[in-house]
Amino acid sequence: MRILLYGFRSYLHWKKNITEEIVKKVEGRKNLKKAVFPVRFQKKVFAAEVEKYKPDIILGVGQHPRGGSIRIRKNAANWKKVNKKAQRKKIYKKGEPIISLNLALLADRESRTSYIFTDGIGNYSSYIFARNY
């Protein structure tokens, strides 16, 4: 089984992104590919890594400015918002509004399930991967 673990580079006023540090600290394994993506709303950025590695499981980690615990994303929405002033736009014109993610992880005392949709790169990448791979 091949696993793709991914996080993101720093962006905006964040000088570092904890997800990049997490991905780098995970010990390498034969069946594990680690990737740190730039924060860009471009499908090809994500597609290239998946098409090259062909993972069975894709696991992304994200950063939340008010996150006090690990959040397990259960859904991804068909929208993106590239900055605070921009209007929400669909990722795919004819895409499903919401896609349930098929990861069967349960929350525990140090985590929680998140059904809240965000506008950011975490939602965007989750939707791209869930719809296409």
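In what order do the three strands of the open sheet stand? The order is S2-S1-S3, and the pairing is parallel. Strands here are DSSP runs of E, at least two residues long, and helices are runs of H or I, at least four residues long, all numbered from the N terminus. Two strands pair if DSSP finds at least two bridges between them.

A word on the source. This is a predicted model, where local features need pLDDT of at least 70, side-chain atom pairs count only at pLDDT 80 or more, and totals for chains, interfaces and linings use all residues. Residues are numbered from 1 along each chain as its sequence is written, and side-chain values use heavy atoms, with hydrogens and water left out.

Strand S2 (32-37) and strand S3 (57-60) are at the edges. Each has a single partner strand, so one side of each lacks a neighbour in the sheet. From one strand to the next, the twist averages 20°. Look at S1, residues 3-8: four bridges join S1 to S3, and the two run parallel.

Now the helices. H1, residues 18-25, lies across S1 and S2. H1 runs at about 145° to S1. H2, residues 43-53, lies across S1, S2 and S3. H2 runs at about 165° to S2. Those angles run from 0 to 180 degrees between N-to-C directions, with axes fitted to C-alpha atoms, for helices over the stretch in contact. Contact means heavy atoms within 4.5 Å.

Next, the whole chain. The protein chain has three helices and seven strands. From the N terminus, read β-α-β-α-β-β-β-β-β-α. The radius of gyration, taken over C-alpha atoms, is 14 Å. The globule rule, 2.2 Å times the number of residues to the power 0.38, gives 14 Å for 133 residues, so the chain is as compact as a globular protein of that length. Of those 133 residues, 32% count as buried, meaning under 20% relative accessible area with a 1.4 Å probe, protein chains only. Take contacts with a separation of 6 or more: residues 24 or more positions apart account for 73% of them.

Last, confidence. pLDDT is the predictor's confidence in each residue, from 0 to 100. The chain mean is 88, and 98% of residues reach 70 or more. Where pLDDT is low, the predicted coordinates should not be read in detail.

Conventions: Buried means under 20% relative accessible area, exposed over 50%, partly exposed in between (1.4 Å probe, protein chains only).
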